[in-house]
Amino acid sequence: MLTDEQIAIAQHRRGHALVRAVPGSGKSTAARHLIAQHVRAGWTAPEHILTVCFNVDAARDFGAQLTALLRESGCDTPPLVVNLHALAYRLLRGLVRQGLAPPRKLVDDSQEDFWRGLVALSLSRADGIAPGEIPPSEIDHYHLWIVQTKARRASPDRADLAWCEAQGIEDPAHFYRVFAAFEEERLQAGAMGFDDLIGDLLDLALRDGAVYDQISDHYDLVVVDEFQDMTRANLDLIRVLAGDRASVVAIGDDDQSIYGFRGADPGLMVREFGIFFPRFTSYTLSGTFRYGPLLCRLSSELIAQNDERLDKCARAAGDQDTEVHLMFTPDEAQTVGEIVAYEQGRRAGATIGILVRAYHQTVLSEIGLLYAGIPYRIEGAEPFFDRQDAQAVAGYLALATGALDDQRGWIPAERAATLARALLLMPNRYVRQTDLDRAAAWVASGRPFRDWVWERCQEAMASEDGYSQRLGSQLAQLLRDIRHLSQLNRDAAGDFIRAFYGYLGLRREIGLGGAVRGTERAAVYEVLADFADRRGFSVAELQDYLTRLSARYAQAQRSRRRPTVVITSWHKTKGAEFDAVILPDLRAGKSPLVYGEIEPDIAEERRLFFVAMTRAKSALYLLAPEDPALYASVSGLPTPPTAQSGERASPFLSDIGDWDGVRVWADGAFLDAVQAFSP
């Protein structure tokens, strides 16, 4: 049954419309019923309706549900439901076949090295220096700026100086020279990126009237779901597709606009919709079916701190009563395991989402779940035990304890082989696949890793080809590294990890991948070192602990049951919902997240936090470090003198002033320290 707000939208017949919706308010349901009503009532023929969704998966789900809804009315010809990039690709291919567009190869975002290489080459042309001399951080900045410039439809002829100033671009003229060089290199390579699909199509349409006529004015109704994620380029294409004929109905929530790094701009919804589509009707979906009044109040108080947004106040439309827990925890791994076990015990088959801002934050949650024997799955990244850097840490721990030289059943053969590969790859010793396989097979057979390194080193040095000479030198260095590691203190595993991380120059090597990837990878070493400190592990104890957990992980991987516990990122979770949501590692520097020298967009980071919070249906757990100032504020206590020491919680938690109704948990020792200063 539809609500009155949804019915009003479904009855919209002509003219542009903007629908502002809160999370869980059924905006896609309203959009489907709007389309179905147009078809059933004969207002618009199905072939003259276009529905645009944010991504391929969303388009597939929307289309399947729309098809089922229309079949109930006897309609077997559903309208086109498509992702905008997929539609642009389809149109470009048709233009290529007609000779109206040049053929280009689609190089997607996963091939980051290709695009970073083009950025380096463009900077080299502009600055007259070798690409290899350009710092990775500079490549990161220019890559991000180029992506956003395309999304904003700016160019050297249409320079956006205000945006340049906001981004901290000190020399806009230099940036646009680099951008022009990048586009020349891209076109010469015959390549298109994800966002070039739309930009290249727009350029063709606006330059060639025949192209424009082919793609414009073919629809009477254009429905845009998740409108808050539109870029200027997206919106320009929507305008071209709609032409002078179509009514455009845009549905979204500007508070959930979280793709600014791709150029998404909530201002297009907040400020500029009426400029593009004048005389529009405004609708609101204010009732959420997902969560209860307490979470409505907390999330509304949080997001109200953002200045530029459409005013809307969420209200609980159903009888859901969502619990909210704020937990000050000294041991996140243990806390996550306990929460999940508790939730599974009280709700059979409960879906549980552990949602992180960045994937390095999954490490402690995975450790806690593995220790508790709770199956889980990760969406959007590799599990912790499959990551190269985690395997490198385990490998160096095993080297230091002698577990890779005298296994005696300490490490399973398959695990030993994995660690041997990791040691040869981190730092990169330029070892070919055949030698990686030989080292893995050697260690898996129970023979000492150090013996393989020695024998292969001697064999390589006796050969005269270039690869063998370089390999011999690298393996000789590895033997020296092993001797150095054997001399380090092994009483404190955290100090040992930091020592070998610094000695091997891993920070520099990891940093070559750029600020985002570098920060993610470096954090794995930091998280494991801090975990070892909190547990008081020696090198041998941490190595044994990780070995036992890896065995549990391997056993869990063989299970055919699909776990109901999901670990994923705040970005990946948009559109999803869970019975219980856990937000771990809510500390300063993590939310908002800081990547190297890249300044975070605080408003967007707050929207991300808002999205993560509002995935919960029955329970939300906010896991914060033991921050005396936050605890005192939440509990109505005086700020203790210790408030400035220790770890600090995410400043977004301080955006919430009224914690009434929230269940606050803290360790006894922490409570005693804070309350000792209370009157």
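Histidine 571 is buried, because its relative accessible area is 17% (buried means under 20%, exposed over 50%, partly exposed in between, with a 1.4 Å probe and protein chains only). The model is predicted, so local features need pLDDT of at least 70 and side-chain atom pairs count only at pLDDT 80 or more, while totals for chains, interfaces and linings use all residues. Residues are numbered from 1 along each chain as its sequence is written, and side-chain values use heavy atoms, with hydrogens and water left out.

Histidine 571 sits in the loop joining strand S14 (565–569) to strand S15 (578–583); helices (H or I, at least four residues) and strands (E, at least two) are DSSP runs, numbered from the N terminus. Beyond its neighbours within four places in sequence, histidine 571 is in contact with Ile258, Tyr259, Phe261, Arg357 and Leu608, where contact means heavy atoms within 4.5 Å.

Apart from residues up to four places away in sequence, glycine 24 touches Gly287, Thr288, Phe289 and Arg290. Glycine 26 is found in the loop between S1 and H2 and is partly exposed, with a relative accessible area of 22%. With residues up to four places away in sequence not counted, glycine 26 touches Gln6 and Leu285.

Two packed helices are described by the angle between their axes and the distance between the axes. Helix H20 (residues 449–461) packs against helix H21 (residues 466–486) at about 145°, with their axes 8 Å apart; axes are lines fitted to C-alpha atoms, for helices over the stretch in contact, and angles run from 0 to 180 degrees between N-to-C directions.
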